[in-house]
Amino acid sequence: MFKTLERIWAIVKKDIRIYYLKGPVMIFGLLIPLFLYLAYALGRSVQPAEVFSSIISMSLFFTATAVGPVIAPWETRSHTLERLISAPVSMAIIIAGDALASAAFGSAITLVATFFGLLMGLQIFNPLLMILNLLISSLCFSFFGLLLSSPPTDIPADVMMISTLLKFPMAFISGIFLPLNQMPELLKHVALLSPLTYTTEVFRYSVYGEATFLPVQVELLILTGYMLFFIAASIKLHERSLHRRI
Amino acid sequence: MYKRFGDLVAVDGVSFKVDSGEVFGFLGPNGAGKTTTLRMLTGILPPDRGRAIVLGLDVWENPIRVKERIGIVPEASNVYIDLTVWQNMMLMAELYGVPRDVRVSRARALLDSMGLLERRGEKAKRLSKGLRQRLLICMALIHEPELLFLDEPTGGLDVQSAREIRDMLRRMNREEKVTVFLTTHNMWEAEELCHRVAVINRGKIAAVSGVEELKETISRLHTIEVRFEEAVDPSGFSEALGCDVAVLGGGRYRVQVEDVDETIRRIVDYAQEKNVRILSLNVVQPSLEDVFLEILKR
C-alpha cells in the first residue's frame with residue numbers, strides 16, 4: 001500500500017514539475033477566474049460576491065480539465081509513457097497520479113480565487129461543505145479530463161478538440177449562467193445529466209446558503225457517483241488503449 | 001510467442017532460453033521482430049499467443065513482480081527532458097520502490113560511474129545523445145536489476161560513448177553478475193559482448209548458439225585476404241583461383257573458399273607466374289557478420 005502511494009506521489013510530482021509549474025500554465029489558470037468575473041461584471045453593476053459561486057465552478061471545471069487530457073498523447077509521442085509502463089506501475093497508478101496532479105492544480109486556482117473573493121468581502125455560508133465539494137469536484141473533473149484522452153492518439157490537438165466540444169456545452173447547460181430552478185423543463189433534464197450542475201448547485205448552497213434543486217446530500221452523492229464512474233472508466237479505457245499507444 | 005500488427009506478422013513462434021549470468025545477443029536486421037520480442041519479454045506488449053517466463057515468473061501473470069526485478073534501456077531515448085538528471089533518477093527510484101536510505105547513495109554512485117554526477121542539476125534536454133543514453137542506463141540500474149534488457153544501446157552514439165557503454169555492460173555482467181539481454185544489428189558489438197546469440201529474421205528464430213559455435217557450424221567458408229605489390233587483373237586472378245574475387249583496392253583482394261591450403265598454393269603460383277610480389281596474405285576467420293549474412297541468405 002505504501003509503495004503504491006509512493007508511486008502515485010512520484011507521478012504527481014513529475015506531472016507538477018513538467019506540466020503545471022510552467023509560467024504560461026500558471027498564468028492561464030490565474031487568468032481564468034479573472035476573465036470570467038470580467039465577463040459577468042463588465043457593463044453591469046454586479047458585485048464579485050454575487051457571481052462568486054459561478055466563477056469558482058467554472059474555474060475549477062476548466063482548470064482541472066485543462067492539462068490532464070494532453071498528458072497521455074504527449075507522453076505517447078515522447079515515449080515517456082513507455083518509460084512509465086516499463087516500471088512496476090499499473091495503469092491505475094499512472095492515471096491516479098495524473099488525476100491528482102490535475103485536481104491539485106484546479107483546487108489551487110479555485111482557492112486563489114476564493115482568497116480574492118474573501119478579500120472583497122465575500123462571506124461563505126458553509127466553508128467545510130465548500131471544501132468537500134471542491135475535493136470531490138476537482139477529482140471528478142480530473143478523471144473526466146483523463147477519460148477524454150483515452151483514445152490512443154499521440155497528437156494533443158486531437159484530444160483538445162474532443163475536450164472543447166464537450167466542455168463548453170457542459171458549461172452552458174450546468175446552471176452556471178441560469179440557476180436550475182429558472183431553466184425550462186427540457187433543459188433542466190439535460191442539466192441533471194451534467195456533473196458540473198451538482199458542483200455549481202453545491203457551491204451555490206455552501207457559499208450563499210441558497211436552496212438546491214435536490215437535497216444537498218443527494219447532490220454530493222450524485223457527484224461522488226460521477227467521480228467513481230470517471231475513475232473506473234478512465235482506468236479501464238486507458239488500459240484498453242495502452243497497447244495501441246506503444 | 002506470436003504477435004501480429006494487422007496483416008503484418010511481427011513475431012512468429014519465437015522461442016529461446018537465456019541462462020542466468022550470460023550476455024545474450026538478439027540479432028536481426030531492421031524490422032525482424034527484435035524490439036517486439038523485447039517488449040513482450042518485458043511486459044510492455046502482450047503476445048497474441050504464447051508466454052514469456054522471465055526470472056521464473058510468467059510476465060503477463062506477474063507483470064509488476066517481473067518489472068521490479070528487471071531493468072530496461074529502450075531504443076528510443078525516453079528520459080523526461082524537462083526534468084533534471086537527478087529528478088529523472090529519483091523518479092525511477094520512487095517508481096521502482098528503492099528504499100529511501102539507499103536512493104541517494106545509489107543514484108550518486110551510478111551517475112558518478114557514467115560521468116554524469118557533475119551534471120545532475122541540468123535538465124536532460126541539455127545533454128547530448130550519448131549522455132542521455134548513459135542516463136537511461138543509470139535509470140535502468142537504480143533498483144539493481146537481476147536482468148537488464150537493452151534495445152540497440154549504442155545505436156547512433158559516437159565511438160567513445162559506445163565503447164564506454166560496452167565496457168560498463170561487460171563490467172556489470174562480470175562483477176555484479178547481471179544477466180544482459182541485448183538486441184543489436186551491430187555484429188561486431190555482439191561478437192565483443194555476447195556469450196550466446198539468437199538470430200531473428202522475419203519474426204522467426206533462424207539460429208541460437210554460442211558465438212564461436214555459430215561461426216563453426218554455419219560457415220564452412222574461410223576468407224583469404226591477399227595484398228600484391230601492384231594491382232592485378234581481377235578476372236585473370238579469379239580464373240587462376242577458380243572462384244570469385246572481391247577487389248578491395250590498393251592491390252588488395254579477398255576470396256571466400258572452403259579449401260584454404262589449395263587456394264594459398266594457387267595464389268603463390270599466380271604471383272610467381274605474373275612476377276608480382278605478395279606483400280601480405282591473411283586467412284581471416286569468419287566474423288559473426290559473415291555468419292549473420294549467410295543465415296539471412298538461407
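Biologist: Which residues touch the most other members of the largest nonpolar core?

Modeller: This is a predicted model, and its largest nonpolar core holds 135 residues. In general, nonpolar side chains of soluble globular proteins tend to be buried together. The core members that touch the most others are A:Cys140, A:Phe143, B:Met89, B:Cys138, B:Ile142 and B:Phe149.

Biologist: Leaving aside neighbours within four places in sequence, what is B:Phe149 in contact with?

Modeller: B:Phe149 belongs to the core residues that touch the most other members. Neighbours within four places in sequence are left out here. What remains is B:Leu38, B:Leu41, B:Thr42, B:Ile70, B:Ile72, B:Val73 and B:Phe181.

Biologist: What is the strand order of the open sheet in chain B?

Modeller: The sheet has six strands, with mixed pairing. Strand 6 (70–73) and strand 10 (204–210) of chain B each pair on one side only, as edge strands. Direction ignored, neighbouring strands are turned against each other by 15 degrees on average. The order in chain B is 6-7-8-3-9-10.

Biologist: Which residue is the bridge partner of B:Val199 in strand 10 of chain B?

Modeller: Strand 9 (residues 196–201) and strand 10 of chain B run antiparallel. Six bridges join the two strands. In strand 10 of chain B, the partner of B:Val199 is B:Ala207.

Biologist: Which strands does helix 1 of chain B touch where it packs on the sheet?

Modeller: Helix 1 covers residues 34–41 of chain B, and its direction makes about 150 degrees with that of strand 7 of chain B. The strands touched, all in chain B, are strand 3 (23–27), strand 7 (147–151), strand 8 (179–184) and strand 9.

Biologist: How many residues of helix 1 of chain B are buried?

Modeller: A residue counts as buried if 20 or more other C-beta atoms lie within 10 Å of its own. The buried residues of this helix include B:Lys34 and B:Arg39 as well as B:Leu38 and B:Leu41. Helix 1 of chain B is largely enclosed by the rest of the structure, because the number buried is eight of eight.

Biologist: Is B:Trp86 buried, partly exposed or exposed?

Modeller: B:Trp86 is found in helix 3 of chain B. Beyond its neighbours within four places in sequence, B:Trp86 is in contact with B:Arg120 and B:Gly121. There are 18 C-beta neighbours inside 10 Å, so B:Trp86 counts as partly exposed.

Biologist: Which helix supplies the largest share of the side of chain B that touches chain A?

Modeller: The contact takes 22 residues from chain B and 20 residues from chain A. Helix 2 (63–69) and helix 3 (85–95) of chain B each supply at least two residues of the chain B side. The largest share is five residues, and it comes from helix 3 of chain B.

Biologist: What distance separates the end C-alpha atoms of helix 8 of chain A?

Modeller: Helix 8 (residues 156–173) of chain A has 18 residues. The expected span is 1.5 Å times one less than the number of residues. That gives 26 Å for this helix, which agrees with the distance in the model, 26 Å.

Biologist: How far apart are the C-alpha centres of domain 1 and domain 2 of chain B?

Modeller: The domain assignment of chain B gives domain 1 as 2–216 and domain 2 as 220–286. Their C-alpha centres are separated by 42 Å.

Terms used: Residues are numbered from 1 along each chain as its sequence is written. Chains are lettered from A and ligands numbered from 1 in the order in which they are written. This is a predicted model: local features need pLDDT of at least 70, side-chain atom pairs count only at pLDDT 80 or more; totals for chains, interfaces and linings use all residues. A nonpolar core is a set of buried Ala, Val, Leu, Ile, Met, Phe, Trp, Tyr and Cys residues joined through C-beta atoms within 7 Å. A residue is buried if 20 or more other C-beta atoms lie within 10 Å of its own, exposed if 12 or fewer, and partly exposed in between; C-beta atoms are placed from the backbone. Two residues are in contact if their C-beta atoms, placed from the backbone, lie within 7 Å. Two strands pair if DSSP finds at least two bridges between them. Helices (H or I, at least four residues) and strands (E, at least two) are DSSP runs, numbered from the N terminus. Axes are lines fitted to C-alpha atoms, for helices over the stretch in contact, and angles run from 0 to 180 degrees between N-to-C directions. Domain bounds come from an automatic or database domain assignment.
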